[in-house]
Amino acid sequence: MSNTTSISQISPVMATYGRFPVTLVKGKGSYVWDDKDNQYLDFTSGIATCNLGHVPNAVKEKLEEQLQNLWHCSNLYNIPNQEKLAALLTANSCGDQVFFCNSGAEANEAAIKLARRYANKVKEKESPIIVTFHQSFHGRTLGTLTATGQEKIQQGFSPLMLGFSYLPFNDIDALEELISIKPAAVLLELVQGEGGVIPANKDWIKKLEQICKNNDILLMVDEIQTGIGRTGTLFAYEQFEIEPDVISIAKGLGSGFPIGAIIAKEEAAKGFEPGSHGSTFGGNPLATAAGLATVSHIIETKLLDQVKEISGYLDSQLQSLKEKYSFIKDIRGKGLLKGLVVETNALEIVQKAISNKLLILTAGPNVVRILPPLTVTKNEIVEFIKALEKTFQSIEKGE
Ligand code: PLP
């Protein structure tokens with residue numbers, strides 16, 4: 001503070017978020033509580049992060065155990081949890097090797113660096129280009145906001161990075177253009193999350209994969225929002241019957257403890273060697289204890305069988321709502337990543353839902369995004385639909 005005698009009204013926290021007027025202090029399962037002890041049904045899961053619900057015992061116990069032993073050590077030493085988590089992720093994906101970092105943006109940054117270095121050093125391609133898609137979202141670092149195909153995210157941050165080209169998503173003609181660009185890699189979400197919950201067309205993705213294979217282009221999927229069971233399979237790419245070269249993950253991986261990673265096929269992983277990339281905290285003992293507990297729990301309890309069933313129930317309930325309310329134009333998404341396309345203002349619905357003790361999100365101006373934890377129950381979905389209907393009715397009455 002430059003002048004300690006004046007009482008400043010300025011928040012000590014920088015204003016980078018438009019926050020809702022709620023202060024959350026406690027969570028358990030599908031519920032959170034504010035500082036006045038009001039209980040809310042949380043169908044945001046910390047934006048697809050608390051996939052096992054809030055404070056899941058399976059992860060809490062492993063974190064507490066790790067807290068007693070070692071919190072952090074440098075990546076210059078072997079980290080057993082990191083090795084175990086890497087082995088679990090590669091055993092349950094098409095990838096062979098994992099690099100750990102701390103967030104989604106960092107995971108995509110690692111993917112971008114890997115693609116560039118693989119092109120430069122292994123393939124000896126000059127000035128490698130990475131193709132991404134319109135409406136995509138890949139993060140807020142300079143590299144990942146350049147990769148993001150949305151002007152609003154890039155505005156004010158020029159000069160942006162070189163080496164990116166953008167094509168329309170789900171567009172068959174774009175595939176022809178891809179062949180002519182001959183990039184080093186493509187990076188894409190299989191369900192565009194922030195861009196409006198838009199799933200990729202399966203035939204389009206399969207053609208894209210074929211073009212990548214035939215033209216020596218790395219296929220990199222951003223599974224930061226879709227990964228770790230969110231869409232009903234551990235990774236969304238499984239449902240598209242493709243095999244990406246690089247998968248980026250974060251969010252749900254640590255159940256709320258910050259951790260990110262890329263999983264790469266052996267060939268693509270040749271892009272990195274000792275000294276070419278790194279992170280102080282990436283994959284530290286605590287973060288990988290959380291990751292290991294989360295992924296083990298999902299696999300051991302066969303949680304994804306339950307997700308497939310419960311997401312079918314959520315679908316049917318949302319379809320009934322659509323039949324009742326004409327302003328709902330479409331229901332999109334996969335598994336427990338759902339978007340209600342509305343003719344009205346999605347933000348108004350989200351704001352009004354808070355007074356009905358329901359937390360939901362937007363994905364752009366006309367999409368309400370619904371992200372319950374993977375552990376959500378049928379009763380909680382019934383409660384959710386009731387609170388959402390109450391919200392719709394109060395909007396219709398102009399309250
Ligand atoms: N990629 C996708 C698809 C995302 O949804 C997000 C976050 O919303 C990111 C990347 C960035 O992740 P983080 O906020 O952890 O940096």
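**Ligand site, then domains**

Reply: Start with lysine 251: one of its polar side-chain atoms lies 3.3 Å from an oxygen atom of the ligand. Bear in mind that this is a predicted model.

Me: Noted. Where does lysine 251 lie?

Reply: In the loop between β11 (246-249) and β12 (260-264). Its backbone stands out too: lysine 251 is not a glycine, yet its phi is positive, about 25 degrees.

Me: How many residues surround the ligand?

Reply: 13 residues do. The closest are Gly104, Ala105, Asp222, Gln225 and Lys251.

Me: OK, zooming out. What are the domains of the chain?

Reply: The assignment gives domain 1 as 11-42 + 304-396 and domain 2 as 57-300. So domain 1 is written as two segments, with domain 2 numbered between them.

Me: How many Å separate their centres?

Reply: 27 Å, taken over C-alpha atoms. At the interface, 20 residues of domain 1 are in contact with 20 residues of domain 2.

Me: What area do the two domains bury between them?

Reply: About 1,600 Å². Carbon and sulfur atoms carry 61% of it. On the domain 1 side, Leu304, Lys334 and Leu337 supply 39% of the area buried against domain 2, more than any other three residues.

Me: What about salt bridges between domain 1 and domain 2, how many?

Reply: One. Elsewhere in the list of pairs, the side chains of glutamate 194 and arginine 369 meet in a salt bridge at 2.9 Å, N to O.

Me: Which elements of domain 1 supply at least two residues to the side that touches domain 2?

Reply: α11 (303-324), β13 (328-334), β14 (337-342) and β17 (367-370). The residues on that side divide into 10 nonpolar, four polar and six charged.

Me: Back to salt bridges. How many does the structure hold?

Reply: 15. One of the salt bridges joins lysine 60 and glutamate 64, with the closest N and O atoms 4.0 Å apart.

Me: Where do lysine 60 and glutamate 64 lie?

Reply: Both are in helix α2 (residues 57-69). They sit four residues apart, about one turn of the helix.

Key. Residues are numbered from 1 along each chain as its sequence is written. This is a predicted model: local features need pLDDT of at least 70, side-chain atom pairs count only at pLDDT 80 or more; totals for chains, interfaces and linings use all residues. Side-chain values use heavy atoms; hydrogens and water are left out. Contact means heavy atoms within 4.5 Å. Buried area is the accessible area (1.4 Å probe) that two parts lose on being put together, summed over both. Ala, Val, Leu, Ile, Met, Phe, Trp, Tyr, Cys and Pro count as nonpolar, Asp, Glu, Lys and Arg as charged, and the others, Gly among them, as polar. A residue is near a molecule or strand if one of its heavy atoms lies within 4 Å of it. A polar contact is a pair of N or O atoms within 3.5 Å; within protein, one must be able to donate a hydrogen and the other to accept it, and residues adjacent in sequence count only if both atoms are side-chain atoms.
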